[in-house]
Structures are given as C-alpha cells and as structure tokens.
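Me: Hi, could you walk me through this structure? I'd like to hear how the chains meet and what sits inside.

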There are 2 protein chains.
Amino acid sequence: MTDATIVTAAILAIGDELLSGRTKDKNIGHLAQVLTLVGIDLKEVRIVPDDEEEIVAALNALRARYTYVFTSGGIGPTHDDITADAVSRAFGVACIHDDEAMALLGAMYERRGLDFTEARQRMARMPQGARHIPNAVSTAPGFIIGNVHVMAGVPQVFQAMVDALIPQLQTGTPVQSRSVLSPFGEGDIGGPLAEVQKAHPETSIGSYPKFVGRNFSTDIVIRARDAGTLDAAENAVRAMLDTIAATRSA
Amino acid sequence: MTDATIVTAAILAIGDELLSGRTKDKNIGHLAQVLTLVGIDLKEVRIVPDDEEEIVAALNALRARYTYVFTSGGIGPTHDDITADAVSRAFGVACIHDDEAMALLGAMYERRGLDFTEARQRMARMPQGARHIPNAVSTAPGFIIGNVHVMAGVPQVFQAMVDALIPQLQTGTPVQSRSVLSPFGEGDIGGPLAEVQKAHPETSIGSYPKFVGRNFSTDIVIRARDAGTLDAAENAVRAMLDTIAATRSA
C-alpha cells in the first residue's frame with residue numbers, strides 16, 4: 001500500500017437545468033465509474049448554475065485541491081454557455097477564438113453546407129493557450145488548461161471526450177473492490193462489521209442496504225489498492241457472516 | 001417580480017459509493033424537481049465522501065449561504081454511517097441517542113421480533129435538540145437542526161422523508177417555465193436568442209440541444225416567476241423562430 005500512487009479528481013457539473021431538475025445528470029455517474037477503473041480517486045462533485053461568479057469560485061476551490069478537475073456543460077453556441085469565459089477568468093487569461101478550433105469548425109460547417117454563424121463560432125472560444133479535447137461526435141472541441149478539463153454537457157459528447165481524454169491522464173494504482181452479499185440486514189451485522197473494519201484499517205468497507213418489500217439485505221463492499229489486503233478483509237467478512245448464520249441456526 | 005419571495009437551498013449528498021460510481025445517485029434529481037415545484041431555488045449541490053472533516057466543511061459552507069440545506073446518506077446503522085456525528089460537530093453540539101427515536105425504533109423491532117442491537121440503536125443518534133423527520137418506510141427518522149435537514153440515502157426512504165418535510169418548509173414564489181421546441185440547431189438560433197434574452201432580462205432563457213443521429217434540434221426553456229413576463233418572452237421566442245423559418249423558405 002505504501003508505494004501506491006494516489007491521483008485525485010473533482011467533477012464540476014455546470015447548468016441551471018441540473019439544479020431545476022429538468023435534466024437528470026448522466027455525466028457524473030459515468031465519469032465516476034471510468035475514473036475508478038483507471039485508478040483516479042474522485043473526491044468531490046459540485047453542481048453549480050450558469051453563473052460566472054459561481055463557476056469561477058467553485059473551479060478555483062477545486063483546482064487548488066485535486067490533481068484533476070473535470071467540468072461538464074456550458075460550452076455550446078448560445079448566450080447561456082459561459083464556461084469558457086468563466087474558466088478563462090479563473091486562470092486570469094483572455095478568452096479567445098482559438099485558431100485551430102475555428103479552422104476545424106469552419107471546415108465542418110462548410111462540408112455540411114451550413115453557415116458558420118457567430119453563434120457557432122462561440123464554440124471555438126477557449127482560454128488562450130488551452131489544448132483541445134477532441135470531440136468525435138460533433139467536432140466542437142473541449143479544452144484543457146492547467147489541471148482543468150472542460151467538456152460538453154450532452155452525454156454522448158461528454159462520453160466521447162472522456163474516451164479521448166483518459167489515455168492522456170496520469171493514473172494511480174486502482175482501488176479494487178469485492179462485493180459480498182449479506183442475507184442479514186445492516187442492523188444485524190453492524191457491530192461485527194465495525195470490528196472487521198477496525199482490524200483491516202487499510203481497507204475501506206462500505207455497507208449498502210438493499211430494500212425489497214419490507215426486507216433488508218446488505219451489500220458489503222470492501223475496497224483496497226492491494227489484492228492481498230483485500231483478500232484478508234474479504235475472508236474476515238465471510239467468516240463473520242458464517243458466525244452469524246451459525247448463531248441463527250443454533 | 002419585485003415582491004417575489006426567494007427561498008434558496010443546497011443539497012449535500014454523502015457517500016463513497018456515489019464517488020466510486022458504484023451507486024448512481026437518484027436523490028438529487030428527485031429533490032431538485034420537488035424544490036422547483038414548491039418554489040425553493042436549488043442553487044448548489046455537492047457530493048462528498050464518508051469523511052467527517054469533508055462533511056463538516058461542506059455543511060458549514062452551505063448552511064451559511066442558503067436558506068435550507070438537505071443532506072442524503074450516512075444515517076444507517078453501520079460504522080460508515082457518520083452523518084449524525086458530522087452534523088453534530090458542525091453545530092458544536094453533542095451527538096446523542098435521542099429518547100423519542102429510541103422508543104420508536106425499540107417498539108418497531110419488538111413488533112418484528114428482532115433484537116434492538118447496538119448497531120440498530122445507532123439509527124437513533126442525532127444532534128442534541130434536533131427535531132425528527134418522520135420515515136414512513138423504515139421508521140428510523142431523519143432529523144432537522146438549524147436549517148439543515150438530514151435524510152437517508154436509500155431512495156425510497158429519502159423520498160418518503162422529502163414528502164414528510166416539504167409541507168413544513170417556507171416556500172417562495174415558484175419559478176414557472178415554458179418549453180418551446182426549435183426545429184433549428186443552437187448554431188442557427190444562438191444569435192437571435194441572445195437578443196431575446198437581452199430584451200427580457202427578468203427571464204432566464206436556457207437552450208438545450210437535442211442530439212438525434214447527426215441532427216440537432218433545440219429545446220428553448222424560458223423561466224420566470226411572473227406569468228406576464230413569461231408570456232412576453234415566450235411570444236418573442238416564437239416570433240424569432242417564425243422569422244428564421246420564413247428566411248429559410250424564402
């Protein structure tokens with residue numbers, strides 16, 4: 001465990017529609033799963049409105065604290081898409097029409113026989129000096145500045161950007177997990193499970209009630225970066241459940 | 001608009017399982033919709049791990065800033081359920097086994113012929129002086145202290161607690177919304193839509209791309225607390241779309 005590499009991250013989801021309940025977020029859960037798989041520890045998520053002050057404040061708090069910040073939303077062509085401005089302000093650089101993005105988008109709209117309107121040109125805006133995140137779905141790129149990765153809110157586009165981005169990131173030793181289904185409710189296993197956690201401090205043991213009808217069972221999830229550590233804790237959990245079962249049938 | 005009552009809120013979702021991607025949150029979107037309906041403006045959401053320091057820090061930041069804070073998760077019977085401790089610490093009061101909650105839970109487990117274990121007794125813990133949020137599903141109450149409302153993470157229980165809670169809250173003048181479907185993509189309407197927003201500053205106009213195959217259309221959502229204001233902006237949006245359609249067919 002001592003030589004495990006720890007890489008941390010936060011997600012900042014941006015959009016009034018997430019806070020009004022009009023749109024149910026799909027990006028947070030998706031990226032959370034992907035990050036876990038590659039060994040990046042997601043430590044915090046925030047959702048803020050389309051408000052420049054709020055975006056800047058959240059971004060500055062998160063980027064100072066975690067290895068990476070990933071944002072979703074607010075990089076489209078309309079007046080309520082203000083993420084590029086907010087990110088530029090957070091970094092104290094100009095928000096410009098990026099030459100390479102202008103060329104990409106201009107060529108794409110020409111191929112499609114569509115006007116490259118001022119609104120569409122907004123999608124080429126990013127902080128001066130930012131690098132692109134390619135967008136295989138709708139061309140308009142996301143961008144990277146410092147440790148901040150700015151992606152679209154539309155899930156198909158967000159996911160394409162995540163796919164393009166992940167191979168470029170520093171990743172850590174992935175946390176592995178084992179799931180043990182307990183036929184007993186949390187109230188029956190809570191005491192002994194706390195003892196197992198205490199005896200295996202290098203693991204993180206979570207307990208998740210499953211509620212069907214009026215009956216509870218429990219998913220016990222053991223997490224650790226090291227397989228041996230994980231094996232030992234899993235064995236202890238299984239032994240604990242056997243003991244409870246034996247007591248019940250006695 | 002000037003005499004509208006504004007009531008604000010934040011959601012703090014607590015749980016390692018949300019950050020690992022194991023569990024896809026269902027509570028944020030549900031409560032966001034309910035709050036919008038009753039006229040409470042959800043301004044911010046945070047998701048933090050089962051870590052007392054992190055919960056306390058987020059809670060203190062949010063409760064100082066918004067009318068209400070709603071939390072989900074971490075009030076079950078196991079060692080990783082530490083929300084009651086964290087909330088008590090944030091308010092600087094003792095975390096106690098509440099008498100009324102002990103009586104409720106004790107009676108329930110007696111009826112069900114189950115031991116009222118130390119783990120189950122943990123579900124009666126709350127900050128000294130907290131009031132209950134009734135739980136029609138599984139009895140163990142949520143609680144209220146100051147402007148903070150602490151609820152379960154299991155969606156069925158969370159929703160039952162929200163139902164019990166909402167009638168007790170101060171509510172504001174609800175934001176109403178109108179949705180206008182634009183057959184044109186955001187790139188075609190972005191410029192004129194920004195003009196409509198500028199001419200109707202008391203509304204908030206959002207633009208949400210719908211992406212099917214390779215074609216974009218756009219949901220334009222106009223939001224305001226006042227019906228007259230909303231009517232005027234909706235008419236302006238429809239007139240704008242008619243103008244674009246006429247230009248296209250000319």
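**Where the chains meet**

Reply: Happy to. Let's start at the strands: β2 of chain A, residues 41–48, is joined to β2(B) by three bridges, and the two run antiparallel. Please keep in mind that this is a predicted model.

Me: Which residue is the bridge partner of V45(A) in β2(B)?

Reply: That would be I47(B).

Me: And how many residues of chain B are in contact with chain A?

Reply: On the chain B side there are 47 residues, in contact with 47 residues of chain A. Several elements of chain B each supply at least two residues to that side: α1 (16–19), α2 (27–38), β2 (41–48), α6 (118–121), α8 (186–199) and β10 (204–212).

Me: Which one gives the largest share?

Reply: α8(B), with eight residues.

Me: What is that side made of, in nonpolar, polar and charged residues?

Reply: The side of chain B that touches chain A has 16 nonpolar, 17 polar and 14 charged residues.

Me: OK, changing topic. Why is β1 of chain B described as largely enclosed?

Reply: Strand β1 of chain B covers residues 8–14, and six of its seven residues are buried, so the rest of the structure largely encloses it.

Me: Which strands does β1(B) pair with?

Reply: One is β2(B), in the parallel sense over seven bridges, with I11(B) standing opposite V45(B). Another is β3 of chain B (residues 68–72), also in the parallel sense, over five bridges. There, A9(B) stands opposite Y68(B).

Me: What about the nonpolar core, how many residues does the largest one have?

Reply: It has 101 residues, and those with the most contacts inside it are L12(A), L59(A), L12(B) and L59(B).

Me: Take L59(B). What is it in contact with, leaving aside neighbours within four places in sequence?

Reply: L59(B) is in contact with L12(B), V69(B), A86(B), V87(B), A90(B) and V148(B).

Me: Now chain A as a whole. Where do its domains fall?

Reply: The domain assignment gives domain 1 at 8–168 and domain 2 at 176–249. The C-alpha centres of these two domains of chain A are 39 Å apart.

Me: Last one: how far does helix α5 of chain A reach?

Reply: Helix α5 (residues 99–111) of chain A has 13 residues and spans 18 Å from first C-alpha to last, close to the 18 Å expected at 1.5 Å a residue. Just after α5(A), G113(A) adopts a positive phi of about 70°.

Definitions and conventions: Residues are numbered from 1 along each chain as its sequence is written. Chains are lettered from A and ligands numbered from 1 in the order in which they are written. This is a predicted model: local features need pLDDT of at least 70, side-chain atom pairs count only at pLDDT 80 or more; totals for chains, interfaces and linings use all residues. Domain bounds come from an automatic or database domain assignment. Two residues are in contact if their C-beta atoms, placed from the backbone, lie within 7 Å. Helices (H or I, at least four residues) and strands (E, at least two) are DSSP runs, numbered from the N terminus. Ala, Val, Leu, Ile, Met, Phe, Trp, Tyr, Cys and Pro count as nonpolar, Asp, Glu, Lys and Arg as charged, and the others, Gly among them, as polar. Two strands pair if DSSP finds at least two bridges between them. A nonpolar core is a set of buried Ala, Val, Leu, Ile, Met, Phe, Trp, Tyr and Cys residues joined through C-beta atoms within 7 Å. A residue is buried if 20 or more other C-beta atoms lie within 10 Å of its own, exposed if 12 or fewer, and partly exposed in between; C-beta atoms are placed from the backbone. The expected span of a helix is 1.5 Å times one less than its number of residues.
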